[in-house]
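Subject: Handover of the structure

Hello,

Here is the structure you are taking over. Please open it beside this message and follow along chain by chain.

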Amino acid sequence: MKTNGNLNYGHQTGSNEKVVDKDSILLDHGSGGLASQKLVSDIFLSQLDNPFLAGLEDSAVLGKIEGRVVFTTDSYVVDPLFFPGGDIGSLSVHGTINDLAMRGARPICLSLGCIIEEGFSMADLKRIAASIAGACRESGVVIATGDTKVVPRGKGDGIYLNTSGVGSVPEDLTVSTSLARPGDKIILSGTMADHGIAILTSRTGLTMEGDFRSDSQPLHFMVGELCESLAGNLHSLRDPTRGGVATSLCEIASSSRVGIIIEESALPVRSQTRGACEILGLEPLYLANEGKCLVIIREEKAELALEIMRNRLEGRDAVIIGSVTEGPEGRVEMITGIGGRRLIAPLAGEPLPRIC
Amino acid sequence: MCLAVPMRVIEIEGVEGDFSTLAKALVEGEGVRREVRLDIIDRWPEIGDYVIVHAGFALHALTAGEAEESLRLLRQIAGNTDQRDTEDPV
Amino acid sequence: MEIKDALSGIDDDSLVKDLLKRLKDELQGYPSSLRFMEVCGTHTMSVFRHGLRSLLPDKIDLLAGPGCPVCVTSAGQVDAILDLACLNGVRVATFGDLYRVPGSQGSLALASASGGKVDIVYSPVDALQLAKNNPSEFVVFLGVGFETTIPGVAATVREAAGSKIDNFAVFSAHKTMPPALDALFTDDASRIDGLLCPGHVSAIIGACAYKPLADKYEFPCVVAGFEPADILQGLIMLVRQKKRGIASVENAYSRVVSWQGNKSALEMIDSVFQVCDTAWRGLGVIPASGLAVRPEFASYNAQKRLNVEEKMVSEPPGCLCGSILKGESVPAACPLFGRTCTPVNPVGPCMVSSEGSCAAYHRYGGVDRKS
């Protein structure tokens, strides 16, 4: 997830007062010398302790992997770094695990690259490392290799993370956004736009009170169960992150060369999320999710898939939102709540709150 | 233009006609709360009234009764003499 | 659904179906088709978002007029805003709507990429707060909008003056609706059969504001709200007037709009702003349709304080935004539409704003576009 970090939402104080915090990241921490070693061992090794990392080798030897190897990478520049329901650390683990899971893969390990701005708070870094460690534990993956660099103050926005992920998928399982077929059902694993709204409303200029919470969570356990029970009937998986459900559906329709039709009345949205969207003039269909997936499955197996998903916490609100049609190719349409039809186009640019 | 949403008044800060302090209200809709300004509202609201909010300012206050009245009018125009409409003789 | 407690039922599909049927019944026997214009971007959005156009009877053609304040902000004004954003020590605060609107030199997005400081705010009050938090910077709030938005900006200027905040000013590109509507039809009013008047602008100026238009151009004016049912009610009332051959002002949004409007908001506008001529994108300069900061508040007038001038800029060649805003053309008729002018790379303002006619047609069109 790469939330646009350049846009200001009236939240930066830009005060000229300088406060010396003796517990800050210094350029020395990225020098590769003793200060770097101390940072790595104090902050990262202590939290992420595992046999791959322990030797501090240049790279990790993973050994034999059964099935086909799946490989992905993603960078995380979210603003703010800490938000209701998560932070950049847990997000960087969940996001990459989910990217692996969307190809039906079982995640094995991740890499972790940190680019930290000089002056970043040591306490915040500890908090982020602990969050990464916690997310790894819950997800059953390890950070197998890592790297830390420090850039001069003003050359970065606090901290950027990159995680790459390795997973494996059985020889006979292929899920792809190009495999949706006419007649397939489309399941959404839960409510839309919770991450997007949690981020927007935690930018001070747009503050409103409400129980907003990012949906950041790993999906590979649920997806694993789906793959196990429904392999062959499961055609496509997609996590609708930036661009939201609308943009993901457009991508599936275009790469599978099919049409898609969804029902507005079926789309799950939490009432707080809907309320915030109405105030900000945004559509939930276009806002980011970080713990939801679209499942495209043969019609006959849709109910079974729903049952499997609803048995898990991360899929308890799963619903069928529509179906795949013959076309026209790439066209996504919605039957609106009042029975009208409208075309759903991909997101053009960063969704901005509007008042007009 | 002009996106504006109805929200319910939860708290009021300030007194009608007193311009020495900023008059504000805490409003709520769908579990979302926000502070809005009352500087330009057409009628001083009561707790529980709805206000129409645009860009952080309440423009207009209406009671639940007024909202229901407009719905009744809509139904009348639709020729939808609904059983909920008690004024209509059956 | 607390927000709609009192209105629960307004989005009932059975109510909408009944209203649609009523509209069709009213049209029975009416000899010709009817072209109505709405002049409110939120109407445009609501119509497209709900797919309402796909449900309307063929006899009704609903045009989108100059109802989006972002769309009508002139290229010269946008260029002046870009100049401001690039001044050292200046930070501009804007509604998100204006962020991607192109002038002749680029947009605020580009100004930000070039090192200008641009903040997105939800309310002018947030811009003032930004000034309070950043005493070493000069914060300029970009005042775009119609009568709905202007009173809040005026109240913010009054607050800044009252608390003697010196590093804050407003760039007023505000516009008022009635003079523009008058200018729109003055050469030819026969293009439309009736006007669906903007609900939230009318909450401030009152339904009475359309009386001179209805009298002068002899078409019906109906103020309408924004739920599909509200819009349908407005259309039904317009058709009924046409059938009776009358041209009066009616209010289909009485829960929010009164005949006289919001007196305290109008007084607030008048206390801070005075009427001036202003340029509208595609329509040119319309006399007495703009608002400038009054001399009493000169230190809150960004144009004066920072010495920025609006330039005369010609429209991009080929762009039909002006004629689309007047209801003379549809987006599909524009040679740039969908080719060089797309939501990702907008040429004209009607493509930029999510409310703009071209953006809306591009996004939702195809399914529900009839022409």
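The number to know before anything else is pLDDT, the predictor's confidence in each residue, from 0 to 100. It applies here because this is a predicted model.

**Chain B: confidence**

In chain B the pLDDT averages 83, and 86% of the residues reach 70 or more. Residues 81-90 of chain B have a pLDDT below 50, and this stretch has 4 contacts in the model beyond near neighbours in sequence. Among the elements of chain B, strand S5 (residues 57-62) has the highest mean pLDDT, 95. The lowest mean among these elements, 85, belongs to helix H1 (residues 64-78) of chain B.

**Chain B against chain C**

The contact between these two chains involves 38 residues of chain B and 45 residues of chain C. Which elements of chain B each supply at least two residues of the side that touches chain C? They are strand S1 (5-13), strand S2 (24-29), strand S4 (50-54), S5 and H1 of chain B. H1(B) gives the most to that side, with 10 residues. Sorted by class, the side of chain B that touches chain C has 22 nonpolar, 9 charged and 7 polar residues.

**Chain C: overall form**

Chain C has 15 helices and 11 strands. Its C-alpha trace spans about 65 × 45 × 45 Å along the principal axes. A compact globule of 371 residues would have a radius of gyration near 21 Å, and chain C has 21 Å, so the two agree. Of the 371 residues of chain C, 61% count as buried. If you take the contacts in chain C between residues at least 6 apart in sequence, 76% join residues at least 24 apart.

**Chain C: the sheet**

Look next for an open sheet of 5 strands in chain C, with the order S2-S1-S7-S8-S9 and parallel pairing. Its edge strands are strand S2 (60-64) and strand S9 (249-251) of chain C, each pairing on one side only. From one strand to the next, the twist averages 25 degrees. Strand S1 (residues 34-38) of chain C runs parallel to S2(C), and 5 bridges join them. To see one pair, find Arg35(C), whose bridge partner in S2(C) is Asp61(C). Helix H10 (residues 228-244) of chain C packs on the sheet. H10(C) touches S1, S2, strand S7 (194-198), strand S8 (221-224) and S9 of chain C, and its direction makes about 165 degrees with that of S8(C).

**Chain C: two residues with positive phi**

Most residues other than glycine have a negative phi. Lys164(C) is not a glycine, yet its phi is positive, near 50 degrees. Lys164(C) lies in the loop between helix H6 (150-162) and strand S6 (168-172) of chain C. Is Lys164(C) buried or exposed? Lys164(C) has 6 C-beta neighbours inside 10 Å, so it counts as exposed; the cut-off for exposed is 12 or fewer.

Asn307(C), also not a glycine, has a positive phi of about 60 degrees. Asn307(C) is in the loop between helix H12 (302-305) and helix H13 (321-325) of chain C. Asn307(C) counts as exposed because it has 9 C-beta neighbours inside 10 Å.

**Chain A: two cis peptide bonds**

Most peptide bonds are trans. In chain A, a cis peptide bond joins Asp79(A) and Pro80(A), with omega about 5 degrees. Pro80(A) sits in the loop between strand S1 (68-76) and strand S2 (82-83) of chain A. Another cis peptide bond joins Gly327(A) and Pro328(A), where omega is about 10 degrees. Pro328(A) is in the loop between strand S11 (319-325) and strand S12 (332-335) of chain A.

**Chain A: the pairings of S12**

Strand S9 (residues 259-263) of chain A pairs with S12(A) in the parallel sense, over 4 bridges. In this pairing, Glu263(A) stands opposite Ile335(A) in S12(A). S12(A) is also joined by 4 bridges to strand S13 (residues 341-344) of chain A, and here the two run antiparallel. Met334(A) stands opposite Arg342(A) in S13(A). S12(A) and S13(A) form a hairpin with 5 residues between them. In the turn, Gly339(A) has a positive phi of about 90 degrees.

Regards

Terms used
Residues are numbered from 1 along each chain as its sequence is written. Chains are lettered from A and ligands numbered from 1 in the order in which they are written. This is a predicted model: local features need pLDDT of at least 70, side-chain atom pairs count only at pLDDT 80 or more; totals for chains, interfaces and linings use all residues. Two residues are in contact if their C-beta atoms, placed from the backbone, lie within 7 Å. Ala, Val, Leu, Ile, Met, Phe, Trp, Tyr, Cys and Pro count as nonpolar, Asp, Glu, Lys and Arg as charged, and the others, Gly among them, as polar. Two strands pair if DSSP finds at least two bridges between them. Axes are lines fitted to C-alpha atoms, for helices over the stretch in contact, and angles run from 0 to 180 degrees between N-to-C directions. A residue is buried if 20 or more other C-beta atoms lie within 10 Å of its own, exposed if 12 or fewer, and partly exposed in between; C-beta atoms are placed from the backbone. The radius of gyration is taken over C-alpha atoms; the globule rule is 2.2 Å times the number of residues to the power 0.38.
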